[in-house]
Amino acid sequence: MTTEYSGTGDPARSLALLWRTRERVSRKGRPDLSVDRIVRAAIEVADTEGLAALSMRRVAERLGVGTMSLYTYVPGKGELLDVMLDTVYGEAARPTDVPGGWRGRLTQIARETRALYLRHPWLLQVATTRPPLGPNVIARYEYELGAVDGIGLTDLEMDAVVTLISGFVHGAVRGAVEAAQAAERTGMTEEQWWQAHAPYLEKAMDPRRFPLAARVGAAAGEEYQAAGDPARAFEFGLDRILDGIEVLIRDRPAGGAPPAAG
């Protein structure tokens with residue numbers, strides 16, 4: 001699987017592109033091109049063809065222009081990838097009237113993030129330990145922190161909770177993305193695959209040797225009509241994480257969170 005890394009471009013140029021502080025077009029620049037149009041074309045390439053297909057040349061082909069004309073607007077692939085990430089992060093809804101308190105707000109954030117990965121599966125192939133520090137990434141972080149502000153956590157705990165939810169979604173959504181890709185590439189749904197394999201597995205697997213696998217696997221297979229249910233696993237795992245955060249808040253000594261380190 002292809003892995004790209006955000007934050008590999010020139011810092012000054014990446015930040016200038018992300019915040020559009022120096023979006024100048026040279027005299028040789030095409031009037032029908034812009035950073036936004038190039039980024040949108042790049043996202044379309046990644047969405048439809050995969051991250052491995054992304055290159056400045058492929059984006060130029062999609063736009064019907066020469067490759068060199070892109071460099072008037074975007075210095076290179078590293079900077080382009082940063083702006084792509086910041087752009088898709090801007091798609092996430094950020095409602096202010098989510099019911100259910102902090103649990104409801106974190107649930108909404110997790111589900112919205114999961115939906116973002118499902119729309120753009122290539123996000124799973126980008127390591128963002130050095131995130132693009134653009135306006136949408138910062139706005140997303142601000143919104144996520146707002147979900148847990150004032151509930152009794154320290155500043156560091158607020159950051160840890162946001163990171164925990166993000167990491168959980170990233171791991172949990174991989175199964176859903178892989179299932180969708182498997183169905184697309186094989187032409188067989190998960191239910192069809194299970195119905196084709198389950199009878200043979202039942203005959204081959206000795207329940208005396210694998211009693212728990214036989215019992216639990218049979219119950220799960222009957223319920224899911226597949227080897228697993230990524231959506232149900234996501235909701236179950238999210239609830240357990242929220243339960244843990246609730247225990248942390250509930251067991252806090254009277255007086256709330258200790259003051260943040262200054």
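By class, how many nonpolar, polar and charged residues does the lining of the largest cavity have?

What you see is a predicted model, where local features need pLDDT of at least 70, side-chain atom pairs count only at pLDDT 80 or more, and totals for chains, interfaces and linings use all residues. Residues are numbered from 1 along each chain as its sequence is written, and side-chain values use heavy atoms, with hydrogens and water left out.

On a 1 Å grid over the protein atoms alone, a cavity is a set of points where a 1.4 Å probe fits but cannot get out; a pocket is an open set with protein on both sides within 12 Å along at least five of seven lines; and lining residues have an atom within 4 Å of a point. Grid points are joined across faces, edges and corners, and a volume is the space filled by probe spheres set on the points.

The structure holds two cavities of 30 Å³ or more. The largest has a volume of about 100 Å³. Back to my opening: its lining has six nonpolar, two polar and four charged residues. Here Ala, Val, Leu, Ile, Met, Phe, Trp, Tyr, Cys and Pro count as nonpolar, Asp, Glu, Lys and Arg as charged, and the others, Gly among them, as polar. Helix H6 (101-119) supplies the largest share of that lining, five residues.

H6, H7 and H8 are the elements that give two or more residues to its lining.

Please find Arg140 on your screens. Arg140 also lines the largest cavity, as does Tyr89. Both are among the residues that lie nearest the centre of the largest pocket, which has a volume of about 510 Å³. H8 gives that pocket's lining its largest share, seven residues.

Finally, how do H5 and H7 meet? Helix H5 (residues 77-89) packs against helix H7 (residues 135-148) at an angle of about 40°, with the axes 7 Å apart. Axes are lines fitted to C-alpha atoms, for helices over the stretch in contact, and angles run from 0 to 180 degrees between N-to-C directions. The two helices are therefore oblique to each other: angles under 35 degrees count as roughly parallel, over 145 as roughly antiparallel, 65 to 115 as roughly perpendicular and the rest as oblique.

How values were computed:
Helix = DSSP H or I, 4+ residues; strand = E, 2+ residues; numbered from the N terminus.
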